[in-house]
Amino acid sequence: MALGPRLELRQGQALVMTPQLQQAIKLLQLSNLELANYVEQELERNPLLEASVAEPEIAERSVDTRAESEFEPAATSETALSLSEDGPLPSREGDLDTDYDNVYADESRSDAANDVAAETPGMQGSDWQNLRNGGGGGGGDGEFGFESTLTRETTLSEHLTEQLNMAIKDERLRMIGAYLIDQVNETGYITTDISEIAERLGAPLADVEAVLATLQTFDPAGICARSLKECLAIQLKERDRLDPTMQIFLDHLELFARRDFDLLMKLCNADREDIASMVEDIRSCNPKPGLAFGNEPVVPVIPDVFVRQRADGSWAIELNSETLPRVLVNQQYYAEVSKFSADPKAKSYLSECLNNANWLVKSLDQRARTILKVASEIVRQQDAFLVHGIQYLRPLNLKTVADAISMHESTVSRVTANKYIATPRGIFEMKYFFTSSIASSEGGEAHSAEAVRHRIKELIEAELPDAVLSDDNIVEILKKSGIDIARRTVAKYREAMNIPSSVQRRRDKKVYA
C-alpha cells in the first residue's frame, strides 16, 4: 500500500465548550471575593462594562417544608438577579443562551447627592460627594481627611527594637541585639544556633549570650526563646513559679505530652495535687508569644445566602446583595462609537466587547439563580436540622439535590464550593450539609455522619472520671440508639475531633480528680 497525501471528507459529532460556556462554569465555583476580583478585571478590560452603584432588590424564594417542596418566586422584576414574573426559575444550564433583559437599576448615588446639594444653599455636589466619602467639607484634601486616621499594628520586630534602644546603650551590643531580633520568627523563637550567630558577627559568644539574656526579658514574656522549654521557663520565672520541682517538670515535657502523670509524680517527687497545679501553670503560658504582634486581621465569612423562618413555619431564602456584583452594558456608548468608527478592526473589537459584556451579565444572572435554587433544595432537605439541631441532620449527597432541581451533579458541586449560607443556627459552608450516611441498626432511616460525630462528642463530654468510655463502650451505646457503627469508625471520628483515647482521658481525669 503506497503512502502519500490525500484529501478525505469526514462527518462527525463533538461536544465543544465555547469560551462563553467556560466562563459561565468558572463563575459558578468562584467565591464572592474571587468573583468580585474577576468582575473588577473585566471592568478594566472591557470598555462597554460599567459598575452599577444601585442597590438591587434581593432575589428570594419561599420553601414550605410542611408539605412537598413548592417554590414560590417573589414578585421582584426590578433587577437581573430577581426572579422572572413569568414563573419559576429555569431548570437547566442550557437556558444560559436565552436572552435576558438588561434590567439592572442604573440610578447613581452621585446624582442623588447632586440633587440634595441643589436644594441646600451653599453646598456644591462635590462637597456632598466629599462628605459621603469620608472627607472634610470644602471638597479639598483637608488636614483631617480619612486617610490621616489610618494606622496599622506594630510588628514584633518594631516592638522589640523599641525596647532594645531603651535597654542597651552600648552601640556594639545594640547591633548584636538588632541582628538577634532579625532572627526571631513569627512565633517569637530564635531557631539559629547562637554560636553560629557569634561566628557570623565576629563577636565573642559571651557577648551574644548576654544580649540574648537581655532580649528574653522584653515584652511579651517568653520572647526570643530557643525552645519550648526555655519559652515556658522564662514565663514561669517572671511569675515566680520556676522552682526546682517545676524545672524537673519542664525537663520531662514529653511525659506531659503522653499524659504519663504517674512517672512525672515519681520524678518530681510530688503528689497528684502538685502535679495538677503545675499543669495549670504551664497551660496558662503562651507557647507562641510572637503571634500577638503583626497578625493579619481575620476576615469574617460573608454568607452568600440568608435563610430565615417565617411566622407560618416556612423558610425564606434570599441572596446576599452585598456579594452580588452589579454591572451594566453601556449600549449607548457602543452605538456612538460604532457610528463614527470606519476601521473594520475597531468594529470587530467593539462587537467582541459587546458580546463578552452581554455574556458576563447573563452568566452572573444565571449564577445567582442557580445558587438560589440549590440553596432552596438544601433547606428543604435539611429542615429538621434548622429547627431541632445537628442531631437531626440528614444524610445528603449531590445526586439527591441534582435530581430534585433537574441539574447535573457537577453543577451542584460547583455551586456549593466556597459558598456560605447564614441560618438561624449559624453560618455554614454549603458543603457542610452534604454528609455520608451510617446505616440504622433497626432498619430505619440512615443517620448522618456529622450527627453521629456530634453524638460521640456528647457522650465523651458527659463521661465520669471513674467511668471513662472506651471506643467499644461507645459502639454499644450507639447501637442501642439505633446507629450501626464499627469501632474503627468511632476511633476515626474521635481522632478527627482531636479527642484523645480513653487511656489518655482517664489519666487526665485522675490528675484533676
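# Exercises on a predicted model

Val 279 has its place in helix α13 (residues 272–283). The structure is a predicted model. The exercises below begin with this residue and then move to other parts of the chain.

## Exercise 1

Decide whether Val 279 is buried or exposed, and find how far Val 279 is from Phe 256 in sequence and in space.

Solution. 
- Step 1. The cut-off for buried is under 20% relative accessible area.
- Step 2. Val 279 has a relative accessible area of 0%, so Val 279 is buried.
- Step 3. Along the sequence, Val 279 and Phe 256 are 23 residues apart. In space, their C-alpha atoms are 8.4 Å apart.

## Exercise 2

Locate Ser 52 and state how far its C-alpha atom is from that of Val 327.

Solution. 
- Step 1. Ser 52 sits in the loop that lies between β1 (49–51) and β2 (60–63).
- Step 2. Its relative accessible area is 10%, and Ser 52 is therefore buried.
- Step 3. Ser 52 and Val 327 are 275 residues apart along the chain, while their C-alpha atoms are separated by 5.3 Å.

## Exercise 3

Solution. 
- Step 4. At the start of α6, Asp 170 has a side-chain oxygen that comes to within 3.0 Å of the backbone nitrogen of Arg 172.

## Exercise 4

Solution. 
- Step 1. His 159 has 17% relative accessibility and therefore counts as buried.
- Step 2. With neighbours within four places in sequence left aside, His 159 is in contact with Thr 154, Asp 219, Pro 220 and Phe 293.

## Exercise 5

State how strand β4 (residues 305–309) pairs with β5 and with β7.

Solution. 
- Step 1. Strand β4 runs antiparallel to strand β5 (residues 315–319), and five bridges join the two.
- Step 2. Within this pair, Val 307 is opposite Ile 317 in β5.
- Step 3. β4 and β5 form a hairpin, with five residues between the strands. In the turn, Gly 313 has a positive phi of about 95°.
- Step 4. With strand β7 (residues 420–423), β4 pairs in the parallel sense over two bridges. Phe 306 has Ala 422 as its bridge partner in β7.

## Exercise 6

How many salt bridges does a search of the whole structure find? Compare the placing of the pairs Arg 45 with Glu 42 and Glu 377 with Arg 380, then examine Arg 6 with Glu 8.

Solution. 
- Step 1. The search finds 18 salt bridges.
- Step 2. The closest N and O atoms of Arg 45 and Glu 42 are 2.4 Å apart. Both residues belong to helix α2 (residues 32–45), where being three residues apart separates them by about one helical turn. Glu 42 is buried, at a relative accessible area of 11%.
- Step 3. Between Glu 377 and Arg 380 the N to O distance is 2.8 Å. The two lie three residues apart in helix α15 (residues 344–381), about one turn of the helix.
- Step 4. An α-helix has 3.6 residues a turn, so residues three or four places apart point the same way.
- Step 5. Glu 377 is buried, with a relative accessible area of 1%, whereas Arg 380, at 23% relative accessibility, is partly exposed.
- Step 6. Salt bridges with shared partners join Arg 6, Glu 8 and Arg 10 into one network. In the bridge between Arg 6 and Glu 8, the closest N and O atoms are 3.3 Å apart. Arg 6 is exposed at 62% relative accessibility, and Glu 8 is partly exposed at a relative accessible area of 48%.

Conventions
Residues are numbered from 1 along each chain as its sequence is written. This is a predicted model: local features need pLDDT of at least 70, side-chain atom pairs count only at pLDDT 80 or more; totals for chains, interfaces and linings use all residues. Side-chain values use heavy atoms; hydrogens and water are left out. A salt bridge is a side-chain nitrogen of Lys or Arg within 4 Å of a carboxyl oxygen of Asp or Glu. Buried means under 20% relative accessible area, exposed over 50%, partly exposed in between (1.4 Å probe, protein chains only). Helices (H or I, at least four residues) and strands (E, at least two) are DSSP runs, numbered from the N terminus. Two strands pair if DSSP finds at least two bridges between them. A polar contact is a pair of N or O atoms within 3.5 Å; within protein, one must be able to donate a hydrogen and the other to accept it, and residues adjacent in sequence count only if both atoms are side-chain atoms. Contact means heavy atoms within 4.5 Å.
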